[in-house]
Amino acid sequence: MLKQLSLYVENKKGTMRNITSILKEEEINILGSVNNDGAEYGIIRMVVSAPERAHEALKKAGYMCRLVDVMGFELADEVGNLNSLLGALSDSNINIDYIYLSFNRDTGKPILIMHAEDEDIYEIESCMETKGFTAV
């Protein structure tokens, strides 16, 4: 299981730069990120090297944020592997709310980061490991 930092931010110029400046000052590395924007507000989701410290620093700076449990599965960088993982989830009747990609800096392999609101993360990880996928 991984911890994801979710930030609810105003959609205005310089916001992402401000956030990354705070993380830089704290010497926190962004390992994976996805931004979803709206007309006035957006959601930034990221996995970082020190999630609790990032959460505190960003809250102190006035950002509305929270830590969320997410899963990560390492995949071989080959055609069809994402489809295979999604098929295994579907075959197990597991609903995923959203996904985004990062990569394992040690192995160079992609990591699929995903969130499942109404599911037990530990059960999903165990299920997927029995199907040959590696949880990170």
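**Entry 1: a charged pair**

I began with Asp 69, which counts as partly exposed at 30% relative accessibility. The scale I used calls a residue buried under 20% relative accessible area, exposed over 50%, and partly exposed in between (1.4 Å probe, protein chains only). The model is predicted, so local features need pLDDT of at least 70 and side-chain atom pairs count only at pLDDT 80 or more, while totals for chains, interfaces and linings use all residues. Residues are numbered from 1 along each chain as its sequence is written, and side-chain values use heavy atoms, with hydrogens and water left out.

Which residue forms a salt bridge with Asp 69? I found Lys 3, with the closest N and O atoms 2.7 Å apart. A salt bridge here is a side-chain nitrogen of Lys or Arg within 4 Å of a carboxyl oxygen of Asp or Glu. This pair links distant parts of the chain, since Lys 3 is in strand S1 and Asp 69 in strand S4, 66 residues apart. Helices (H or I, at least four residues) and strands (E, at least two) are DSSP runs, numbered from the N terminus. Lys 3 is partly exposed too, with a relative accessible area of 32%.

**Entry 2: the other salt bridges**

I searched the whole structure and got three salt bridges. One joins Glu 26 and Arg 53 (3.7 Å, N to O). It links the loop between H1 and strand S2 (30–36), where Glu 26 lies, to Arg 53 in helix H2, 27 residues apart. Lys 12 and Glu 10 form another, with the closest N and O atoms 4.0 Å apart. Lys 12 is exposed at 52%, whereas Glu 10 is partly exposed at 42%.

**Entry 3: cores**

I looked up the largest nonpolar core, which has 16 residues. Such a core is a set of buried Ala, Val, Leu, Ile, Met, Phe, Trp, Tyr and Cys residues joined through side-chain atoms within 4.5 Å. Among the members that touch the most others are Leu 5, Ile 19, Met 46 and Leu 58. Strand S1 (2–10), helix H1 (15–25), strand S3 (41–48) and helix H2 (51–60) each give two or more residues to this core. Apart from it lies another core, of 15 residues, including Met 71, Leu 89, Met 114 and Ile 124.

**Entry 4: helix H3**

Which residues of helix H3 (residues 81–91) are buried? I listed Asn 81, Leu 85, Ala 88 and Leu 89. They cover an arc of only 100° around the axis, so they are on the same side of H3; the arc is that of the directions from the helix axis to the C-beta atoms. On the other side of H3, Asn 83, Ser 90 and Asp 91 are exposed. The cover over the buried residues of H3 includes strand S4 (64–74), strand S6 (110–115) and helix H4 (121–130).

**Entry 5: strand S5**

I then followed S5 (residues 98–103), where Ser 102 is found. Ser 102 has 12% relative accessibility, and its side chain reaches the backbone oxygen of Leu 31 at 2.2 Å. That is a polar contact (a pair of N or O atoms within 3.5 Å; within protein, one must be able to donate a hydrogen and the other to accept it, and residues adjacent in sequence count only if both atoms are side-chain atoms).

S5 and S6 pair in the antiparallel sense over six bridges; pairing needs at least two bridges found by DSSP. Ile 99 stands opposite Met 114 in S6.

Note on methods
Contact means heavy atoms within 4.5 Å.
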